[in-house]
Amino acid sequence: MERKRLIYLDHAATTFPKPRAVTEEVLRCLTQYGGNPGRGSHALSLAAAEKIFDCRCLAARFFGVSDPERVFFTVNTTQGLNTVLKGLLRAGDHVLISDLEHNAVYRPLYQMEKQGRITFDTFPSMTGDCRKNAMRICAGIARRLRPETTMVVCTHVSNLCSAMLPVREIGRFCHRHGLLFVVDGAQSAGHVPIFVDEMEIDALCVPGHKGLYGPQGCGMVILGKGILPEALMEGGNGVNSLEGEMPDFSPERYEAGTLPTVAIAGLCEGIRAVESIGTETIFEHEKALYRRTEELLSEKKGLTLYASEYEGAALLLNVDGLTSEQVGSLLNEDGICVRSGFHCSALGHRTLGTPSHGAVRVSFGMYNDMQDVEYLCQSLERIRKEYGGV
Ligand code: PMP
C-alpha cells in the first residue's frame, strides 16, 4: 500500500481544511478591520460590527428565520446548549432527551438534576426500520411524558453513526403538547437543511467549525419566535451600559464580552461556501462516500459496523481483537485521521452497544473523495490482516 497525502476523516470533530475564502477572510479581519464590534464609533469597530451583522443575516436566512436578531453567537455548540437549557428550564421541570445525546446535552442536565433543580429521562431514537422511526419515536416520547415535562431535547444527527432524528415530526409533536423543543445541530448544520420556524424548533444550537466550515471559536443559537432564555453570562456589550440589567432582547442579552470576531468573519465565508455548493449536494456526496465505504467493509470478517443502515457523514466501526485506540493509531501510521474512544457520548455508545473501549469513527466532509475511501479501506484491511483477531 503506497502512502499518499494525509487523509482527514475526522470532520465530525471539526472540518479541515477550511475553504480558502474562510482563511482569506480571517486574514483580512486580522489585518484590515478587526476592531472590537459595538465598542466604538470608529471605523474599525464599525467595520467589525458590520461583519458580525452580515454573518447574523446569513445565518438567519440559512436556518430559515426572518429576523437576524434571533441569531446569537457563542464560542461553540456547548455554550449554546448550556445557555438554552439553563436559561429556559425552571425548578421542578422534567426533560426528555434522546438516547444518542452528546455530553453537551447530558452533562448540563445531569448537573441540574444533581442540584435538585430538574429531572430528565431518555427516549429511544433507534426504533427499528429507520424510515418508520418518526411515529415510533414520538410514541416513545408520549409514553414518557409527565405532568411536569416541559422540554424535549435531541440531537438532529448522531455524532457516532449517521442516525438522523425526525426533528420536523418531533417539533410538531412538542408544540401540540405545549413542550419546548431544543435541537443540537452540531452534526447536521451544513449537512442537512434546517428551517427553525418551519420545523417548529424553539432553539437550535450549532457550531461554526464543523459543517459550516468556519474557524474554531464560534457557534450560534437560533431562537424560535418569542423564545427568550435567561442569559448564562452577564457583562458588557456596549448596550444600555449605565444599567445593571442585561438587555432583555436578543441577541444583546446573550453576547456579554468581546465576541469571537475573527472566527465569525471566517464563518461568514464558510456559510457562503456551503450555500454556494448546496447543503443537499454536500450531503449526497458524503452519503456516496459512506455507501462505498460500507460496501467495501460490510462483507469483511472481523469488522463490526454499527447502525450502518443510517447513511450519512459518519461511520462507526471496530476491528476484532483490537481496541478502538489501537485502530486509530494504526490508521494514523498510514496518514489517516479518525477519532477513537467514546466521542463524548456515553449515552450513544450504550445505545449502539459498542464494547468497553468504544469504537472508531470515520467522518467525511465535502473535500473527501472516493480515493480517500479506497485508501481507508485498504488500510483497514491491512490492519485487520496483520493485527486483527481473524
Ligand atoms: N453535540 C454534538 C452532537 C457534537 O457532535 C458535538 C461536538 N463533538 C457537540 C455537541 C459539541 O460541540 P462543540 O465542540 O462545538 O461545543
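**Reading the overall fold**

Author: Begin with the secondary structure: this protein has 11 helices and 13 strands. Keep in mind that the model is predicted.

Reader: How does the radius of gyration compare with what the globule rule gives for 390 residues?

Author: The rule gives 21 Å for 390 residues and the radius of gyration of the protein is 21 Å, so the protein is as compact as a globular protein of that length. The C-alpha trace spans about 70 × 55 × 35 Å along its principal axes.

Reader: What share of the residues counts as buried?

Author: A residue is called buried when its relative accessible area is under 20%. Here 57% of the 390 residues count as buried. The accessible surface comes to about 16,200 Å², and carbon and sulfur atoms hold 51% of that surface.

Reader: What part of the contacts joins residues 24 or more positions apart?

Author: Among contacts with a separation of 6 or more, such pairs account for 69%.

Reader: Now one residue. Is Val152 buried or exposed?

Author: The cut-off for buried is under 20%. Val152 has a relative accessible area of 0%, so Val152 is buried. Val152 belongs to strand β5, which covers residues 149-155.

Reader: Which residues does Val152 touch, leaving out those up to four places away in sequence?

Author: Val152 touches Leu96, Phe123, Ile141, Ile170, Cys174, Leu179, Leu180, Phe181 and Val182. Take Ile141 from that list: Ile141 and Val152 are 11 residues apart along the chain, and their C-alpha atoms are separated by 8.4 Å.

How values were computed: Residues are numbered from 1 along each chain as its sequence is written. This is a predicted model: local features need pLDDT of at least 70, side-chain atom pairs count only at pLDDT 80 or more; totals for chains, interfaces and linings use all residues. Side-chain values use heavy atoms; hydrogens and water are left out. Helices (H or I, at least four residues) and strands (E, at least two) are DSSP runs, numbered from the N terminus. The radius of gyration is taken over C-alpha atoms; the globule rule is 2.2 Å times the number of residues to the power 0.38. Buried means under 20% relative accessible area, exposed over 50%, partly exposed in between (1.4 Å probe, protein chains only). Contact means heavy atoms within 4.5 Å. Accessible areas come from the Shrake-Rupley method with a 1.4 Å probe; for residues, only the protein chains shown count as cover.
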